[in-house]
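Try each task before you read its solution.

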Amino acid sequence: MAAAKLQALWNHPAGPKTIHFWAPTFKWGISIANIADFSKPPEKLSYPQQIAVTATGIIWSRYSTVITPKNWNLFSVNIAMAGTGLYQLSRKLRHDYSSEAAVAKE
């Protein structure tokens, strides 16, 4: 049974024998790097970078559900990219606006 499932994965149109498998697999590195940046101070985060990560995640998540064959690896990595990008943007926005509010009160 396990051999049949592995054979099906191996021969899938988006399986390990194709670029449709490896490109999203290596794209996980971007999400992992963004997760590693969770410990980075918010003032060091970049709006353009996080907007690009978030937009890429949202756009390609949608695309991965429309193409044939459906590429669930591509879908999941882009959901992760959108999620980590949104989280980083929220950290940056909270920091910038709370800092401005504190300065305005003084």
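**Exercise 1.** What percentage of the 106 residues in the protein do buried residues make up?

*Solution.* Start with the ground rules. This is a predicted model, in which local features need pLDDT of at least 70, side-chain atom pairs count only at pLDDT 80 or more, and totals for chains, interfaces and linings use all residues. Residues are numbered from 1 along each chain as its sequence is written, and side-chain values use heavy atoms, with hydrogens and water left out.

Next, take the classes: buried means under 20% relative accessible area, exposed over 50%, and partly exposed in between (1.4 Å probe, protein chains only). The buried share comes to 28% of the 106 residues.

**Exercise 2.** How many helices and strands are there in the protein, and which pattern does it follow along the sequence?

*Solution.* Helices (H or I, at least four residues) and strands (E, at least two) are DSSP runs, numbered from the N terminus. The protein has 4 helices and 0 strands. Along the sequence, the pattern reads α-α-α-α.

**Exercise 3.** How many aromatic pairs does the count come to? Describe the pair of F38 and Y87.

*Solution.* Rings of Phe, Tyr and Trp (its six-membered ring) pair if their centres lie within 6.5 Å; planes under 30 degrees apart count as stacked, over 60 as edge-to-face and the rest as tilted. The count is 5 aromatic pairs. F38 and Y87 sit 4.7 Å apart, centre to centre, with 65 degrees between the planes: edge-to-face. This pair links distant parts of the chain, 49 residues apart. F38 is in the loop between α2 (19-36) and α3 (47-66), and Y87 is in helix α4 (residues 72-105). F38 is partly exposed because its relative accessibility is 32%. Y87, at 37%, is partly exposed too.

**Exercise 4.** Which kind of pair do the rings of W60 and Y63 form?

*Solution.* Their centres are 4.9 Å apart and their planes at 80 degrees, so the pair is edge-to-face. Both residues lie in helix α3, 3 residues apart, about one turn of the helix. W60 has a relative accessible area of 38%, so W60 is partly exposed. Y63 has 41%, so Y63 is partly exposed.
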